[in-house]
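Subject: Structure handover

Hello,

Here is the structure you were waiting for. My notes on it follow below.

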Amino acid sequence: MRLPRPRPPRRPRRPRSLAGQLFAMQVVLVAAVVAGGALFAYLSAQRQAEETARRQTTAVATAVADSPAVVAAARTKDPTAALQPYAERLRRDAGVDFVVVMAPDKTRWTHPEPSAIGRKYLGHIGPALRGEVVPETYQGTLGPSVRVVAPVHDPRRGGRITALVSAGITIETISAQLRDQVLAGIAAAAGALALGGLGTYVINARLRRHTHGMNAAELSRMHDYHQAALHAVREGLLMLDGQRRVALINDGGRELLGLSEDAVGRLVTELGLPQPLTGALLAPGPRVDELHLTAERVLVVNSSPVSGGERRGSVVTLRDHTELQALSGELDSVRGFAEALRSQAHEAANRLHTVVSLIELGRAEEAVDFATAELELAQALTDQVVGAVAEPVLAALLLGKAAQANERGVELTLTPDSRIDDGLLPPGLPARDLVTVLGNLIDNALDAAAPPRPGAAAVRVTARATEDGELLLRVADNGPGVAADATEEVFRRGWSTKAGPGHGLGLALVRQAVHRNGGTVALDRAPEGGARFTVRLPLHAADGPATRGSAR
């Protein structure tokens, strides 16, 4: 016996999209409005048609009652002979269904149906016999009708009522007229409904494209995920609209750019960012892993325009590269130190071979003199640096840079007035910033003064504390120098005298580190003819930029 296979569970129906729900609601609303308008128009037209019929029959009845021919015919013995042709002609001309002239006792003298002449009039004539014009709706010979009864006064008999006139329009005629109006109204309502439905469809089709066919629950869920993702991402996220206004920014973006809570809605040019970074944010094309500097950070900027048929803005991501850039600088210094040590080891091996050869040749005294001279030269430089700079980080940096300078054929000297005692630097002045400042300045000076320039290449370094409570760092070279009109441009990111990518960031980092610690950096021409950079950093432990930078 084969058991029936179980049916797979039915997948729940996906709720209708938000655009579909709005379309259905709008169609129902438009249909209800059109139906209500059509019903109101029908009732209004019906009342208007009955009122028009009443005014028309009143005008006809009073006109006939005031006619001298009717008054004269009422005096004769056979009023029908004179009044029947007149009443029928008037009925056709006035557009009413009947004009009945009768005696005061309701005996008809005229009627559209000749067989009804001589019979009693069906309707109320009491108010008319009292001289009033009486409108009413009554079931007569021709069916229900809107009619008016008016009295005929004979002046020769003292104004006595000698006859009555009744004019009316049947309800069927009124309904026929109303039917034509209703059909026209229905056609107009159907046209309005079709146009409304078409407009609603077009609007909702556009809404469906913008909402990607999602329903209200999905949009709400996406909004929740969107907010959670914005606050969870540590990197900065910045969204700009087509007018380059900030449409959205997360907490990381505010922190990296140093913006306040009111940044949303402001133009990029109003954020107070550095000019190169502002230009990158305003650029229409994509940007990939560009390094930009703010007052306190090194940022990696990536931007991509929002896809679409119109300019919809761009999405910008920001990554903090400050620590990595500092570590990269330190790694370059370590790599340079290692290269210098390798070169010194190679040079020491050559000198050792020379000493050994001199001993083998029996010239021991010359070997001793040669080795002693080399040791005295190296020890003199070490003693000078260690004696003048007690700060271990700066001392190690200067010794390493001296080895690099010697390898490149540049004489690096420390001026006699240089002196930094141990413990002089406050805790708020990070040693890493000092390495960034002095290391980049010495590297640039070595590049500028290094051979193949004519003459001896030299770099002079000054590091001392001034009487004004400042740390003075000065690096001068005898290279070609910097043009006077480029003294501010050299600190811009990307400016460099060396060709190729990867250059033009060192001096920008120097100025950033100096400003972060509340100092100044200046460029002028050295006495030797090259460039001279002078950095002044405050040594007092105040609540200034240095303290805040250390806290960060």
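Which residue in β9 is the bridge partner of Asn302? It is Thr317. Before the rest, a word on the source: this is a predicted model, in which local features need pLDDT of at least 70 and side-chain atom pairs count only at pLDDT 80 or more, while totals for chains, interfaces and linings use all residues. Residues are numbered from 1 along each chain as its sequence is written, and side-chain values use heavy atoms, with hydrogens and water left out.

Overall

The protein has 14 helices and 14 strands; these are DSSP runs numbered from the N terminus, helices being H or I of at least four residues and strands E of at least two. Of its 552 residues, 37% count as buried. Buried means under 20% relative accessible area, exposed over 50%, and partly exposed in between, with a 1.4 Å probe and protein chains only. The accessible surface comes to about 31,300 Å², and 57% of that belongs to carbon and sulfur atoms (Shrake-Rupley method, 1.4 Å probe; for residues, only the protein chains shown count as cover). Among contacts between residues at least 6 apart in sequence, 56% join residues at least 24 apart, a contact being heavy atoms within 4.5 Å.

The sheet with β8

β8 and β9 belong to an open sheet of 5 strands, in the order β6-β5-β9-β8-β7 with antiparallel pairing. Two strands pair if DSSP finds at least two bridges between them. The edge strands are β6 (246-249) and β7, each pairing on one side only. Neighbouring strands here are turned by 25° against each other on average, direction ignored. Helix α8 (residues 275-282) packs on the sheet and touches β5 (236-240), β7, β8 and β9; its direction makes about 160° with that of β7. Axes are lines fitted to C-alpha atoms, for helices over the stretch in contact, and angles run from 0 to 180 degrees between N-to-C directions.

Strand β8 (residues 298-305) has 6 of its 8 residues buried, so it is largely enclosed by the rest of the structure. Its pairing with β9 (residues 314-320) is antiparallel and runs over 7 bridges. With β7 (residues 287-293), β8 pairs in the antiparallel sense over 5 bridges, and Arg287 has Ser303 as its bridge partner in β8.

The sheet with β1 to β4

An open sheet of 4 strands has the order β1-β4-β3-β2, again with antiparallel pairing. β1 (98-102) and β2 (134-140) stand at the edges with a single partner strand each, so one side of each is left without a neighbour in the sheet. The twist averages 30° from one strand to the next. β3 (residues 143-154) and β4 (residues 160-170) pair over 10 bridges, with Ala150 opposite Val165 in β4. Helix α2 (residues 68-75) packs on this sheet, touching β1, β3 and β4, and its direction makes about 80° with that of β3.

In the loop between β1 and α4 (126-129) lies Lys106. Lys106 has a positive phi of about 80° although it is not a glycine, and it is partly exposed, with a relative accessible area of 26%.

Cores

A nonpolar core is a set of buried Ala, Val, Leu, Ile, Met, Phe, Trp, Tyr and Cys residues joined through side-chain atoms within 4.5 Å. The largest has 44 residues, of which Val461 and Leu471 touch the most other members. Helix α12 (residues 431-449) gives the largest share of this core, 8 residues. Apart from it lies another core, of 26 residues, including Val70, Ala73, Trp109 and Ile169.

Regards
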